[in-house]
Amino acid sequence: MCSGTVPATKREQLSRLLDKLRKGDVLVVWWIDRLGRDYHDSEKTIRDLLNRGVTIKTINQDMTFAYTGNDMQDMTTNIQLTMITAMAAAERKNRLAYAKAGRQAIKQDPKLWAEKFSGRQRNNERTLKVIELLEQGLVCT
């Protein structure tokens, strides 16, 4: 598993998936901006896939992106992608800023800080399920 701060082409599993996609394939993703590290990386990855004839469907936004060969439709797709990836990038920056501000506020109270950031209890049931799926080859790391 790797962080979202790593470019798409440097993420081992994502890179392998992207290399396997061919014209006519459909890539289903939760959120369009997860296809890259940031706005530029996501947009580059998405446009590369679309140029190769891959269709991208999102679950969260419930949208489908594909180049059709029709200039007007493809321009509309480009506009939508630019807006969505830019909005996602702005949202991410806001989330990070809010989280940082929250941590700074909590640090003012050392007891509260220790309570909030003592770590999550491990979910043994979920851990065993992930191990089982890994052994079956159904989960990528």
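How far apart should the ends of helix 2 be at 1.5 Å a residue, and how far apart are its end C-alpha atoms? The 13 residues of helix 2, residues 39-51, should span 18 Å. The end C-alpha atoms of helix 2 are 18 Å apart, so the two values agree. The structure is a predicted model, and the sections below go from the whole chain to single residues.

## The chain as a whole

The chain has 5 helices and 3 strands. Along the principal axes, the C-alpha atoms fill a box of roughly 60 × 40 × 25 Å. The radius of gyration of the chain is 19 Å, whereas a compact globule of 141 residues would have a value near 14 Å.

Buried residues account for 23% of the 141 residues. The accessible surface comes to about 10400 Å², and carbon and sulfur atoms supply 54% of that surface. Of the contacts between residues at least 6 apart in sequence, 54% join residues at least 24 apart. As for charge, the chain carries 24 positive and 17 negative side chains. The centres of these two sets lie 5 Å apart.

## Helix 2 and its cover

Which residues of helix 2 are buried? They are Asp-41, Ser-42, Glu-43, Thr-45, Ile-46, Arg-47, Leu-49 and Leu-50. The list holds charged residues, among them Asp-41, Glu-43 and Arg-47.

Ser-42 is touched by Asp-33, and Leu-49 is touched by Leu-27.

Leu-27 is in strand 1. Its relative accessibility is 7%, and because buried means under 20%, Leu-27 counts as buried. Leaving aside residues up to four places away in sequence, Leu-27 touches Leu-17, Leu-21, Leu-35, Leu-49, Val-54, Thr-55, Ile-56 and Lys-57. Phe-65 is 38 residues from Leu-27 along the chain, and the C-alpha atoms of these two residues are separated by 9.8 Å.

The loop between strand 1 and helix 2 holds Asp-33. Is Asp-33 buried or exposed? Asp-33 is buried, with a relative accessible area of 8%. Not counting residues up to four places away in sequence, Asp-33 touches Ser-42 and Ala-88. Ser-42 is one of the buried residues of helix 2, and Ala-88 is one of the buried residues of helix 3.

## Helix 3

At 1.5 Å a residue, its 37 residues should span 54 Å. The end C-alpha atoms of helix 3 are 54 Å apart, so here too the values agree. The buried residues of helix 3 are Asp-74, Thr-77, Leu-81, Ile-84, Thr-85, Ala-88 and Ile-106. These residues pack against helix 2, strand 3 and helix 4 (110-116).

Ile-84 belongs to helix 3 and has a relative accessible area of 14%, so it is buried. Beyond residues up to four places away in sequence, Ile-84 touches Ile-32, Gln-61, Met-63 and Phe-65. The C-alpha atoms of Ile-84 and Val-54 are separated by 18 Å, and the two residues are 30 apart along the chain. Met-75 also lies in helix 3. Met-75 is partly exposed, with a relative accessible area of 44%. Between the C-alpha atoms of Met-75 and Asp-19 there are 25 Å, and 56 residues separate the pair along the chain.

## The loop between strands 2 and 3

Asp-62 lies in the loop between strand 2 and strand 3. With a relative accessible area of 69%, Asp-62 is exposed, because exposed means over 50%. The phi angle of Asp-62 is near 50°, a positive value in a residue other than glycine.

Note on methods
Residues numbered from 1 in each chain as written. Predicted model: local features only at pLDDT ≥ 70, side-chain atom pairs only at ≥ 80, totals over all residues. Heavy atoms only, no water. Helix = DSSP H or I, 4+ residues; strand = E, 2+ residues; numbered from the N terminus. Rg over C-alpha atoms; globule rule 2.2 N^0.38 Å. Buried < 20%, exposed > 50% of the residue type's maximum accessible area, 1.4 Å probe, protein only. Contact = heavy atoms within 4.5 Å. Areas by Shrake-Rupley, 256 points an atom, 1.4 Å probe, with all protein chains shown as cover. Charge placed at Lys NZ, Arg CZ, Asp CG, Glu CD. Expected span 1.5 Å × (residues − 1).
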